[in-house]
Amino acid sequence: MRMEEDDLEQIARKICTKRQLRFLQRVGEGAFKQTFQVVGPAAVPLALKVYKSAGSNKRDHREINAMLRCQHRNIAQIISVETYSYQGRKYTAITEEFLSGGTLTQKGQISAAQCLEIGIQLIEGLAHIAGLNLVHRDIKPDNIMFRSDASTPVITDFGLVRDLSDSSMTPTWASRGPGTPFFAAPEQLNNEKDMIDWRTDQFSLGVTLSYVTLGDHPYRSAGISDREVVDRVSSRDEVCSWFIQRASSLGLGSLSRMLAPWSVDRYRKPELLQNAWRQQKG
Amino acid sequence: MSVFHQMGHHSNNLIDLPEMSSYAGAIFSPINCTEAEATEQIAEVRSSKKTFEIIFDPQLYVPSSERGKLKKWTYFPKDVDTADPTSKAWWTDLNKKLAAACQRLKVDAVCSPLTIPKVFDDEYYLNCVRVGTELSKSLKDRKIGVLQTVLVSLAELTAERRVPEIASIVSKTDADRVYLVFVGSTAPRRELSDVDELAGAMRLINTFERNDMRVLVGFCSSDILLWKAAGASSCASGKFFNLRRFTRQRFEEPSEGGGQLPYWFEENLLAFLRQGDLLRVQRVGLLSDASQRNPFGKEILLKLKTDPWLANSWRQFLYWFADVEGRLTRGESAAETLMKNADANWAKLDKEKIYMEERENNGTWIRSWLNTLREYEKR
């Protein structure tokens with residue numbers, strides 16, 4: 001494992017040499033790829049993602065294809081995609097804009113006013129993704145980054161993206177679909193594939209915004225563990241009353257509908273969610 | 001809030017009557033006419049009724065059955081016996097031909113095509129949505145609306161989770177209107193009466209309506225009371241739907257049955273009455289104000305013993321259907337009050353030892369409907 005990590009950094013450095021980029025440091029690592037900070041011509045900061053050759057599969061292609069199709073200010077932009085051969089193995093590498101404003105996780109707790117501002121932009125990003133018939137399936141604070149202005153949120157990491165026009169990659173027998181359970185919607189947790197659509201992302205965005213604004217998961221009743229929270233979501237219990245009251249008192253009442261256990265009770269179309277959020281914002 | 005006339009055999013002349021002006025539109029069917037005849041009929045309706053909404057139901061519920069002139073229509077698939085109904089390509093081709101036919105017909109909207117499945121599982125509903133969304137997209141720029149057709153088995157609605165499950169899948173559609181058809185096993189001339197099934201059906205309607213989807217319940221009868229209480233935007237009825245329920249068997253029988261008898265619909269009993277029944281009920285003074293106001297009812301009563309009244313019986317029911325919908329929408333009548341009143345009147349008939357010609361026409365379903373309202377409100 002260690003050997004392969006070193007290899008990816010070495011490959012990243014070779015790519016930098018070839019493309020006249022300046023290698024700075026490794027900034028992230030996922031199951032199938034590593035991300036490096038590099039500097040491009042005219043000192044533009046860039047992110048270079050190198051995919052592990054063993055992990056180079058349909059999933060990577062889906063991620064790259066989805067990101068190439070997305071053209072929106074609140075979605076991470078791919079600048080180039082290339083394939084490199086190294087010691088007889090092929091590696092896919094993508095260059096993206098470097099998001100220097102950090103993640104939503106790193107921001108810690110945010111105010112209701114910040115939630116409204118960040119929320120409307122992320123909803124616009126989700127609407128764009130939904131318009132392409134895509135579902136991100138991994139919306140969470142770690143996957144929301146900020147541009148250098150620290151106020152423009154950007155949806156990143158399309159590693160679990162699903163194109164609803166294609167057949168699913170998750171087998172029906174799997175008890176749970178892919179995603180980060182703590183932020184996932186019931187239909188995702190239960191692998192109810194026929195119910196997955198943009199409203200699945202709407203739910204995760206609802207949890208994400210609730211978590212960073214109110215400091216906890218909206219389904220956490222007193223004294224229960226994270227695992228029990230996920231169980232409450234997957235069994236379609238109701239959102240906790242403490243959450244409904246607090247969200248409403250902060251002028252964030254739309255969050256409760258975004259978090260409905262059944263997708264039919266969430267906002268049906270992105271424009272309806274956008275309108276509700278705009279009205280809330282005043 | 002509106003009513004639609006579900007066109008049947010020789011029923012195009014009914015919608016032209018001035019007394020039927022409260023009908024917001026009609027659902028045209030390919031069963032009783034060719035494409036050319038339908039185009040002509042639609043043009044005729046258009047010339048006299050400018051705001052009338054014309055919806056086309058392609059009626060592919062059991063495509064292999066003998067259904068009048070359906071097979072002569074250009075969209076009717078030539079390969080129904082060998083086709084794979086789960087094939088996307090098959091539906092895409094059908095949608096393309098249907099969209100073209102709708103353009104020629106000059107309809108305002110079309111119900112997405114569907115077949116009655118053997119099993120009403122999630123995959124079936126997802127396919128309904130795929131077909132509906134595809135048709136919706138292809139007609140978007142042609143100013144023809146699409147209603148997402150959904151056939152729902154009443155029996156499966158008894159499971160509490162099934163309602164939100166179905167609604168969650170169906171609400172994925174691009175269409176904003178749902179053409180909802182309940183499939184059951186109720187025998188001809190009998191009322192729907194399973195409390196759990198009906199409460200589930202009401203919850204399904206309400207779930208769609210409260211989530212920005214307008215529901216048009218197809219093939220209604222006096223059960224319109226339940227659907228309106230659940231918040232349905234629109235209901236549609238044919239002239240004699242109560243006699244031929246929406247069951248699979250319906251499509252396996254000849255579509256033009258002989259031996260039609262005239263029936264009077266009586267609001268005071270929420271029941272269809274044969275001539276002898278009507279006379280007995282009239283004698284004990286139990287005809288409702290609604291019946292006595294009904295212009296076709298008046299005509300029937302004037303010539304009841306001398307003239308045949310089959311055609312007027314259709315009109316009498318259709319007039320009541322639109323009239324009660326209007327009263328329920330305006331809050332002038334309440335479903336529960338009408339049911340309680342009918343229940344009390346059946347008790348009076350019992351006391352007077354007045355029995356209907358059909359043994360099962362005894363008003364027992366009204367108690368089930370009242371219980372349905374309780375069950376629905378409970379959840």
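Guide: One term comes first: a polar contact is a pair of N or O atoms within 3.5 Å, where within protein one must be able to donate a hydrogen and the other to accept it, and residues adjacent in sequence count only if both atoms are side-chain atoms. The model is predicted, so local features need pLDDT of at least 70 and side-chain atom pairs count only at pLDDT 80 or more, while totals for chains, interfaces and linings use all residues. Residues are numbered from 1 along each chain as its sequence is written, chains are lettered from A and ligands numbered from 1 in the order in which they are written, and side-chain values use heavy atoms, with hydrogens and water left out.

An automatic or database assignment sets the domain bounds, and it divides chain B into domain 1 (2–252) and domain 2 (264–378). Taken over C-alpha atoms, the centres of domain 1 and domain 2 of chain B are separated by 27 Å. In contact (heavy atoms within 4.5 Å) are 39 residues of domain 1 of chain B and 33 residues of domain 2 of chain B. The area buried between domain 1 and domain 2 of chain B (accessible area, 1.4 Å probe, lost by two parts on being put together and summed over both) is about 3200 Å², and carbon and sulfur atoms give 74% of that area.

Salt bridges (a side-chain nitrogen of Lys or Arg within 4 Å of a carboxyl oxygen of Asp or Glu) number 3 between domain 1 and domain 2 of chain B. In a salt bridge between B:Lys228 and B:Glu325, the closest N and O atoms are 2.7 Å apart. Polar contacts across the interface of domain 1 and domain 2 of chain B come to 9 residue pairs, both residues at pLDDT 80 or more. On the side of domain 1 of chain B that touches domain 2 of chain B, at least two residues each come from strand 1 (2–6), helix 5, helix 6 (224–229) and strand 8 (234–237) of chain B; helices (H or I, at least four residues) and strands (E, at least two) are DSSP runs numbered from the N terminus. Helix 5 of chain B supplies the largest share of that side of domain 1, with 6 residues. By class, this side of domain 1 of chain B has 20 nonpolar, 11 polar and 8 charged residues, where Ala, Val, Leu, Ile, Met, Phe, Trp, Tyr, Cys and Pro count as nonpolar, Asp, Glu, Lys and Arg as charged, and the others, Gly among them, as polar.

B:Arg210 forms a salt bridge with A:Asp265, with the closest N and O atoms 2.9 Å apart. Because B:Arg210 lies in helix 5 of chain B and A:Asp265 in the loop between helix 9 (254–258) and helix 10 (270–281) of chain A, the pair joins two chains. B:Arg210 has 46% relative accessibility and counts as partly exposed, which is the range between buried (under 20% relative accessible area) and exposed (over 50%), with a 1.4 Å probe and protein chains only.

A further salt bridge pairs B:Asp176 with A:Arg268, at 2.4 Å between the closest N and O atoms. This pair also joins two chains, because B:Asp176 is in the loop between helix 4 and strand 6 (177–183) of chain B and A:Arg268 is in the loop between helix 9 and helix 10 of chain A. B:Asp176 is partly exposed at 37% relative accessible area, whereas A:Arg268 is buried at 5%.

Helix 4 (residues 162–170) of chain B is mostly covered, with 9 of its 9 residues buried. Those buried residues pack against helix 6 (198–214) of chain A, and against helix 3 (122–139), strand 5 (145–153) and helix 5 (195–210) of chain B.

Back within chain B, B:Glu358 and B:Arg190 form a salt bridge (3.4 Å, N to O). The two residues are 168 residues apart, B:Glu358 in the loop between helix 12 (335–351) and helix 13 (364–378) and B:Arg190 in the loop between strand 6 and helix 5 of chain B. B:Glu358 and B:Arg190 are both buried. They belong to a network of salt bridges that links B:Arg189, B:Arg190, B:Arg274, B:Asp277, B:Arg280, B:Glu357 and B:Glu358.

About 1900 Å² is buried between domain 1 and domain 2 of chain A, with 52% from carbon and sulfur atoms.
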